[in-house]
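Work through the exercises below with the sequence and the 3D view open. Each task is followed by a stepwise solution.

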Amino acid sequence: MSELVSRAEKLDASDELASLRAQFVLDDVVYLDGNSLGALPAAVPGRVEDVVRRQWGSLRIRSWDESGWWTAPERIGDRIAPLVGAAAGQIVVGDSTSVNVFKALVGAVRLAGGPDAGRDEVIVDATTFPTDGYIAESAARMTGCTLRAVTPAQVPGVLSGRTAAVLLNHVDYRTGRLHDLPGLTAAVHAAGAIAVWDLCHSAGALPVGLDAHGVDLAVGCTYKYLNGGPGSPAYLYVRRELQDRFDSPLPGWTSHADPFGMSPSYAPADGALRGRVGTPDILSMLALEAALEVWDGVTIEAVRAKSLVLTDFFLECVASYVGEGRVECVTPLAHGERGSQVALRCEDAGEVMERLIERGVVGDFRHPDVLRFGFTPLYVGFADVERAARVLGETLVR
């Protein structure tokens with residue numbers, strides 16, 4: 001038995017989160033792609049069957065009241081809130097991340113006063129996931145603003161009295177770099193602008209601290225580290241102090257102050273409910289609610305602590321098993337700059353990932369040459385990490 005295998009066994013034996021693995025549907029594959037799609041929580045299939053057969057099949061329309069369908073967006077939002085450092089009443093679940101980015105960014109420009117107040121520039125993270133950039137360009141054009149794309153590190157140097165809103169990613173989806181949410185939010189506020197954060201690659205993986213750091217608006221998906229399932233609904237966070245001024249560009253009947261009044265004129269509801277638009281997507285939303293039950297009694301701090309040990313151990317195993325010069329780590333080594341994934345630059349990365357998957361190690365590939373490995377501490381163990389690195393090393397000697 002190698003020293004690394006022995007250490008993995010000891011680390012798994014002392015892992016306070018190890019028992020959570022049994023709450024997921026897993027096999028003998030090493031699944032390191034939870035940063036794209038989380039594994040299935042075992043409670044979800046039974047809950048979905050109940051929603052379909054009893055709530056929809058038997059209660060039918062009565063379930064909007066009797067099964068709590070109508071209040072699901074804010075109720076589930078309150079379940080997510082502790083995972084991103086938010087008090088209750090500030091998160092509403094529904095729509096896709098893309099739609100929520102649009103709501104948040106246009107709403108942010110309006111909160112800042114827009115071009116009428118001399119705030120005619122929107123800043124976007126130049127390294128962002130492409131959709132955020134597409135939507136930022138459209139939102140800027142629709143609000144009469146110009147768009148400026150810079151890296152997060154460049155943001156403090158380009159902020160000015162013209163800045164209306166800044167859209168940033170908490171964790172870079174390619175490299176796993178963790179950006180300075182507290183410092184960048186403070187810089188945005190010092191310029192009188194509104195800070196909007198995309199939490200897709202951080203929620204459920206590490207502490208965010210939305211309330212503590214005064215973030216104005218935030219969005220995120222729920223199918224990665226929150227394990228909500230493919231296409232599960234996203235969420236929108238609106239800081240409580242801004243809720244009475246938040247002007248959504250997508251006013252809908254379910255965000256109306258009197259949704260069943262069917263008034264031809266719009267009057268927004270109070271609070272985070274202003275982020276709702278249309279009829280909630282109940283099947284996927286209630287699957288998400290069931291998935292979130294795995295977090296009962298689990299702190300995000302414990303998850304973060306394990307994540308850092310997992311990624312440290314993976315990098316150590318890679319250094320031991322992979323020949324020198326075969327891969328280059330593009331994820332920062334410093335804990336304060338690392339999310340919960342490790343990205344390795346590798347020649348022929350697409351082909352290498354295909355071979356890894358054939359051998360039971362599932363990560364993913366990002367063009368042109370990056371292998372991504374996501375570490376979900378709720379179900380990934382240290383033996384998984386050692387095996388993944390060992391198989392990578394064996395694959396690269398072929």
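This is a predicted model: local features need pLDDT of at least 70, side-chain atom pairs count only at pLDDT 80 or more; totals for chains, interfaces and linings use all residues.

**Exercise 1. Cavities**

Find which residues line the largest cavity, and sort them by class.

Solution. 
1. Counting cavities of 30 Å³ or more gives one.
2. The largest cavity has a volume of about 50 Å³.
3. Its lining is made up of Arg-21, Leu-26, Val-29, Val-30, Tyr-31, Tyr-379, Val-380 and Asp-384.
4. Sorted by class, the lining has six nonpolar residues, two charged and no polar.

**Exercise 2. Nonpolar cores**

State how many residues the largest nonpolar core has, and which have the most contacts inside it.

Solution. 
1. The largest nonpolar core has 82 residues.
2. Leu-199, Trp-295 and Phe-314 have the most contacts inside this core.
3. Helix 10 (residues 300-321) supplies the largest share of the core, nine residues.
4. Apart from this core lies another, of 28 residues, including Val-92, Leu-111, Cys-145 and Leu-217.
5. Take Leu-199 and leave aside neighbours within four places in sequence: Leu-199 is then in contact with residues including Val-84, His-170, Leu-181, Val-208 and Tyr-235.

**Exercise 3. Helix 8**

Determine which residues of helix 8 are buried, and what covers them.

Solution. 
1. Helix 8 spans residues 181-190, and Leu-181, Leu-184, Thr-185 and Val-188 are buried in it.
2. Seen down the helix axis, the buried residues of helix 8 fall within an arc of 100 degrees, so they line one face.
3. An α-helix has 3.6 residues a turn, so residues three or four places apart point the same way.
4. The cover over the buried residues of helix 8 includes helix 7 (155-158), strand 7 (163-169) and strand 8 (194-198).

Conventions
Residues are numbered from 1 along each chain as its sequence is written. Side-chain values use heavy atoms; hydrogens and water are left out. On a 1 Å grid over the protein atoms alone, a cavity is a set of points where a 1.4 Å probe fits but cannot get out, and a pocket is an open set with protein on both sides within 12 Å along at least five of seven lines; lining residues have an atom within 4 Å of a point. Grid points are joined across faces, edges and corners, and a volume is the space filled by probe spheres set on the points. Ala, Val, Leu, Ile, Met, Phe, Trp, Tyr, Cys and Pro count as nonpolar, Asp, Glu, Lys and Arg as charged, and the others, Gly among them, as polar. A nonpolar core is a set of buried Ala, Val, Leu, Ile, Met, Phe, Trp, Tyr and Cys residues joined through side-chain atoms within 4.5 Å. Buried means under 20% relative accessible area, exposed over 50%, partly exposed in between (1.4 Å probe, protein chains only). Helices (H or I, at least four residues) and strands (E, at least two) are DSSP runs, numbered from the N terminus. Contact means heavy atoms within 4.5 Å. The arc is that of the directions from the helix axis to the C-beta atoms.
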